[in-house]
Amino acid sequence: MRPAAIFTGLIGMVVVAGLLMAGEARLRGGTAEGEPVPAEETVAAVDPPAPAGEPAAISEDRAEVIVRSTEPAAPSLGAADGTAPKVAESEKRAETAAGQTASPAAKKPVELARPAVENAGLLSFGERKLQLAGIVPTPADKICGPTGRQWPCGMMAKTALRQLLRNRSIACDLDAVEWTETATVACRLGTQDLGAWLAENGWAEAAAGSPLASAAEKARQAGKGLYGDDPRRR
């Protein structure tokens with residue numbers, strides 16, 4: 001009877017193996033049939049490259065669209081009502097754009113509402129104007145780039161500063177709220193010095209002897225702002 005038992009055991013093993021193979025085949029077939037088809041990647045619409053013969057001039061609205069698409073959103077430094085936020089005394093004594101530490105006896109900054117941007121470095125408040133200290137304002141009609149690849153860097157610089165300010169109030173180191181002609185002073189949006197921001201992002205050159213020269217040079221080496229390529233070609 002031992003051979004019969006062995007024979008019966010072998011038949012049982014063959015049957016079990018057959019069932020396992022059939023089950024595996026069914027599983028494979030079901031997976032292949034039910035496998036989802038990957039969706040096609042969506043290509044984001046980009047601003048078409050500027051043709052070689054396109055004029056370098058550009059409108060403020062067009063420049064604003066391009067700046068918004070190529071730069072990170074400006075930090076929310078102001079309060080909801082558009083006024084400059086109050087900062088701690090320790091923050092007020094942080095290093096200024098000139099790289100110097102403000103004196104505890106420094107005069108109180110004058111708060112000015114809704115500055116209009118004439119260019120990257122020059123602000124206006126009706127008839128009065130303020131030039132940001134430490135930099136050379138970039139004319140709004142300035143053109144950058146070699147022949148055939150020129151772009152309106154001055155308008156882009158102006159728009160970048162407008163995007164940062166967004167009609168919010170700023171604090172400037174003025175002797176009084178009223179002044180005549182054009183005053184050259186340091187101004188801040190919250191704790192951000194505006195002249196330093198322009199220099200660090202390559203939107204304005206540093207003035208002769210300005211402590212912002214190092215920041216402006218780093219921006220030049222990094223190809224930022226005025227030293228970069230036409231944003232319309234990105």
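How many helices and strands does the secondary structure of the chain comprise? The chain has 6 helices and 10 strands. Both are DSSP runs numbered from the N terminus: helices are H or I with at least four residues, strands E with at least two. The model is predicted, so local features need pLDDT of at least 70 and side-chain atom pairs count only at pLDDT 80 or more, while totals for chains, interfaces and linings use all residues. Residues are numbered from 1 along each chain as its sequence is written, and side-chain values use heavy atoms, with hydrogens and water left out.

Of the 234 residues of the chain, 32% are buried. Buried means under 20% relative accessible area, exposed over 50%, and partly exposed in between (1.4 Å probe, protein chains only). The accessible surface of the chain is about 14800 Å². Carbon and sulfur atoms contribute 56% of that surface. Areas come from the Shrake-Rupley method with a 1.4 Å probe; for residues, only the protein chains shown count as cover. Contacts were also computed, a contact being heavy atoms within 4.5 Å. Among contacts between residues at least 6 apart in sequence, 65% join residues at least 24 apart.

Helix α6 spans residues 213-222, and A215, A216 and A219 are buried in it. Seen down the axis of α6, its buried residues fall within an arc of 100°, so they line one face of the helix. The arc is that of the directions from the helix axis to the C-beta atoms. An α-helix has 3.6 residues a turn, so residues three or four places apart point the same way. K218 and Q221 lie on the other side of α6 and are exposed. The cover over the buried residues of α6 includes α5 (194-200) and β10 (205-206). G223 follows α6 and has a positive phi, near 70°.

R188 lies in strand β8 (residues 187-189). R188 counts as buried because its relative accessible area is 19%. The side chains of R188 and D173 are joined by a polar contact of 2.8 Å. Such a contact is a pair of N or O atoms within 3.5 Å; within protein, one must be able to donate a hydrogen and the other to accept it, and residues adjacent in sequence count only if both atoms are side-chain atoms. Beyond its neighbours within four places in sequence, R188 is in contact with P109, I170, A171, D173, D193 and L194.

P152 sits in the loop between β5 (135-136) and α4 (153-165). Its relative accessibility is 3%, so P152 is buried. The C-alpha atoms of P152 and D230 are separated by 8.0 Å, although these residues are 78 apart along the chain.
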